[in-house]
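Subject: Structure handover

Hello,

Here is the structure I promised you. Please open it first, then read my notes below.

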Amino acid sequence: MKKIGLFYATKADKTTWVAEKIQKEFGKDRIEVVPIEQAWQNDFAAYDCLIVGASTWFDGELPTYWDELLPELRTLDLKGKKVAVFGLGDQIRYPENFADGIGLLAEVFEGDGATLVGFTSSERYTFERSRALRGDRWCGLVVDLDNQSEQAEKRIREWCEQVKNEFDSKP
């Protein structure tokens, strides 16, 4: 069984809510939580597969806890590792940079040689632009608890099933 690390800010309430749902879907025995506030470079190397998550702050920025870690993350060699990205955004208040944090994380991990998994449909979202788009698909799970909270649990559940299959498949 592949070793999976779940990286997110444990002090961010909405991100924590989503991460706890992900952990439940995967099973607590299959996934290890690594608080991003305490993560170091070698923590990312310790896992076969990574699930990383963040909200999008202000005008399309990563939260401080991720932003401070980016220089270190950009030096990783993650060839052969699969990474699934999840995050939060507000498509009504921030339509011009909706869920950009997901795209920013994806860019860093792709740049490190990782294979992104967990792409999802961008249908049923209303926004102008997003760095999280790859063609017409999100490069991970996008959750908008402010405007589409009723869809969150279903999206999380479906995404987790998809990511489990992609983690378990051959590269």
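Helix 1 (residues 13-26) packs against helix 6 (residues 149-168) at an angle of about 50°, and their axes are 9 Å apart. Helices here are DSSP runs of H or I with at least four residues, strands are E runs of at least two, and both are numbered from the N terminus. Axes are lines fitted to C-alpha atoms, for helices over the stretch in contact, and angles run from 0 to 180 degrees between N-to-C directions. That angle makes helix 1 oblique to helix 6. The cut-offs are these: under 35 degrees is roughly parallel, over 145 roughly antiparallel, 65 to 115 roughly perpendicular, and the rest oblique. The crossing of helix 1 and helix 6 is right-handed, a term used when the near helix is turned clockwise from the far one by less than a right angle (anticlockwise is left-handed).

Which residues make the contact? Helix 1 brings Trp17, Val18, Lys21, Ile22, Glu25 and Phe26. Helix 6 brings Ala152, Glu153, Ile156, Arg157, Trp159, Cys160, Val163, Lys164 and Phe167. Contact means heavy atoms within 4.5 Å. Of the residues in this contact, 10 are nonpolar, none is polar and 5 are charged. Nonpolar covers Ala, Val, Leu, Ile, Met, Phe, Trp, Tyr, Cys and Pro; charged covers Asp, Glu, Lys and Arg; the others, Gly among them, count as polar.

A word on the model: it is predicted, with local features needing pLDDT of at least 70 and side-chain atom pairs pLDDT 80 or more, while totals for chains, interfaces and linings use all residues. Residues are numbered from 1 along each chain as its sequence is written, and side-chain values use heavy atoms, leaving out hydrogens and water.

**Helix lengths and burial**

Helix 6 has 20 residues and reaches 29 Å from its first C-alpha to its last, close to the expected 28 Å. The expected span is 1.5 Å times one less than the number of residues. In helix 6, the buried residues include Ile156, Trp159, Cys160 and Val163. Buried means under 20% relative accessible area, exposed over 50%, and partly exposed in between (1.4 Å probe, protein chains only).

Helix 5 (residues 100-111) should span 16 Å, and its end C-alpha atoms are 17 Å apart, which agrees. Helix 5 is mostly covered, with 9 of its 12 residues buried. Among them are Asp100, Gly101, Leu104 and Phe109. Just after helix 5, glycine 113 has a positive phi of about 95°.

Most residues other than glycine have a negative phi. Alanine 99 has a positive one, near 60°. Alanine 99 sits in the loop between strand 4 (82-88) and helix 5. Is alanine 99 buried or exposed? Alanine 99 is buried, at 0% relative accessible area.

Phenylalanine 58 also has a positive phi, near 50°. Its loop runs between strand 3 (49-55) and helix 3 (64-67). Phenylalanine 58 is exposed, at 54%.

Serine 55 lies in strand 3 and is buried, at 13%. Beyond its neighbours within four places in sequence, serine 55 contacts Thr15, Glu61, Pro63, Tyr65, Leu88 and Gly101.

Glutamate 20 lies in helix 1 and is partly exposed, at 45%. The C-alpha atoms of glutamate 20 and leucine 6 are separated by 9.8 Å.

Best wishes
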